[in-house]
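Dear colleague,

Please find below the structure for your review. The findings follow directly after it.

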Amino acid sequence: MKKLLALLIAVVLVFSLAACGKDGGGNTPAGDKTPVEGGDLTVGIMADLDASLDPHVSSSSAGTREILFNIYEGLVKPDTEGNLNPAIASEVKVNDTADEYTFTIREGVKFHNGETVTADDVVWSLSRAAGLDTGTPLVGDVAGIAKVEKTDDSTVVVTLKAPDTEFLAHATCAIIPEGNDPLKEVVGTGPFKFVSRSVQENVKLEKNQDYWGEPAHVDTVTLKVIDDGETMVMSLQSGAVDMAVRMDANQVASLQDLNIKEGSSNIVQALYLNNTFEPFKDVRVRQALCYAIDKHAVIELGNDGHGTALGSSMFPAFGKYFMDELTDYYTPDPEKAKALLKEAGYENSLEFTINVPSNMPQHVDTAQVIVEQLKAVGVNAKINQVEWATWLDETYKGRKFEATVVGMDAHGVAASDLLARFNSSSSKNFINFSNADYDAAYQKAISTTDDAEQTEAFKECERILTEQAANVYIQDVASFVVMQNNVDGYEYYPLYVMDLSKIYFTE
């Protein structure tokens with residue numbers, strides 16, 4: 001216990017990071033070119049941001065969080081190595097039972113409106129996110145907060161309802177001015193200020209000249225919404241955009257004369273199954289699909305061999321939690337798949353629809369390969385491509401779906417960020433998975449203060465998801481970033497963010 005708490009107090013590495021970024025096509029590594037300070041950067045993004053830019057209610061959309069990372073900050077902030085570094089808080093102390101966290105507020109941090117961040121802002125922000133006044137948390141990750149108190153002008157004490165050694169990873173929750181309504185005024189402390197947005201067209205940001213940390217290189221950023229993959233490629237070819245992220249291997253094939261970098265998306269791509277859909281209530285049906293699908297072939301055919309095969313809801317960046325032994329738990333076996341389907345009463349009669357966001361070609365491509373593989377075992381699946389907003393409202397939030405191919409990210413740097421969603425009581429449990437053993441293992445993981453015991457409990461959660469075939473796990477999708485040759489500085493993070501402050505133009 002002392003060893004674990006010492007790590008927490010030091011605010012050091014939360015998970016050991018596998019190499020998540022590398023240069024593709026012999027391009028010059030970020031940082032080797034001479035930066036030119038200033039300039040106006042245009043970035044192509046595949047989907048518009050959420051209607052609300054409230055950081056406490058935009059947690060369901062990874063694409064929105066990816067951008068808000070540049071506007072808002074928490075008490076601590078992750079870096080490219082997976083470390084949690086002091087941000088609005090300059091220091092943190094944790095008590096022996098891991099249910100009380102004391103934060104010292106950094107002096108001189110200013111909001112984008114020019115006001116200095118105070119302990120009162122921190123108390124108000126965390127109380128709002130945890131729903132202490134309303135009884136309804138806005139941010140599920142901080143729902144375990146029992147109270148937040150200011151003990152003096154520079155100290156805030158957070159008391160939890162129960163021990164939680166992973167709470168520090170959730171202290172990335174955005175701090176906003178006391179009484180601020182983000183629907184009317186977007187105000188954070190990050191390296192970029194929000195300027196404006198035109199729905200389905202663009203979002204504009206400008207450099208925060210008063211930023212407390214390392215300032216951004218460029219003066220302005222225009223995030224241009226381009227929800228068609230072919231149009232994005234043409235925009236890069238013509239120079240209409242300076243950069244685009246989360247491209248796939250097929251898209252970058254025609255962009256080899258540009259500055260291309262390859263890394264991991266740090267997502268769990270899977271055929272996610274609605275466990276309340278009648279056929280998928282039967283574990284034999286879910287297991288049959290696992291035996292029917294060859295994930296290695298999916299990676300080869302759908303993404304030209306780029307990607308890392310997965311066997312549960314954990315990707316390699318979470319070093320000590322990742323279980324490579326689960327990757328091939330289900331070896332492709334069409335005959336076994338047929339036998340399980342027959343035993344469950346679905347011999348040559350299983351049909352279902354796979355919802356896929358139309359603006360995400362990496363998931364559409366995967367779904368197409370899956371459909372073809374399922375035909376070999378007598379399963380008829382069809383793809384329903386939908387707009388991102390429709391997928392978010394109906395599939396994710398409304399849970400009105402049979403199956404979907406998509407990637408789930410970790411919005412923080414804690415193992416619970418990936419595994420909490422499968423707890424039966426979780427509001428994020430969009431696949432409606434319910435398993436008493438899983439709930440017990442998860443509760444043990446988040447409540448113990450013993451590092452080895454916690455790690456094993458999280459691994460037990462992963463094993464249960466695999467054995468119960470909660471989903472058909474495929475891969476951590478390879479992610480390509482394409483920049484014009486006079487643009488550089490992009491760095492991969494072990495979570496779903498785009499750090500615009502590091503991007504620069506070159507001579």
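Arg246 lies in strand β13, which spans residues 243-247. In this predicted model, the phi of Arg246 is positive, near 55 degrees, although the residue is not a glycine. Arg246 is also buried, its relative accessible area being 13%, where the cut-off for buried is under 20%. For context, most residues other than glycine have a negative phi.

Two further residues deserve a note on backbone geometry. Asn432, in the loop that runs between α12 (416-419) and α13 (436-447), has a positive phi near 60 degrees.

As to helix α11 itself (residues 388-397), the buried residues are Trp388, Trp391, Leu392, Thr395 and Tyr396. Viewed down the axis of α11, these buried residues fall within an arc of 115 degrees, and they therefore line one face of the helix. They pack against three strands, β17 (351-357), β18 (380-386) and β19 (403-409).

The largest nonpolar core has 40 residues, of which Leu75, Tyr101, Phe103, Val122, Leu126, Ile145 and Val158 touch the most other members. At least two residues of this core come from each of β6 (89-94), β7 (100-105), α3 (119-130), β8 (145-152), β9 (155-160) and α4 (167-170). The greatest contribution is that of α3, with 6 residues. Leaving aside residues up to four places away in sequence, Ile145 touches Leu126, Ala130, Leu132, Val158, Thr159, Leu160, Lys161 and Phe167. A second, separate core comprises 39 residues, including Tyr272, Met314, Tyr321 and Ala470.

Yours sincerely

Methods
Residues are numbered from 1 along each chain as its sequence is written. This is a predicted model: local features need pLDDT of at least 70, side-chain atom pairs count only at pLDDT 80 or more; totals for chains, interfaces and linings use all residues. Side-chain values use heavy atoms; hydrogens and water are left out. Buried means under 20% relative accessible area, exposed over 50%, partly exposed in between (1.4 Å probe, protein chains only). Helices (H or I, at least four residues) and strands (E, at least two) are DSSP runs, numbered from the N terminus. The arc is that of the directions from the helix axis to the C-beta atoms. Contact means heavy atoms within 4.5 Å. A nonpolar core is a set of buried Ala, Val, Leu, Ile, Met, Phe, Trp, Tyr and Cys residues joined through side-chain atoms within 4.5 Å.
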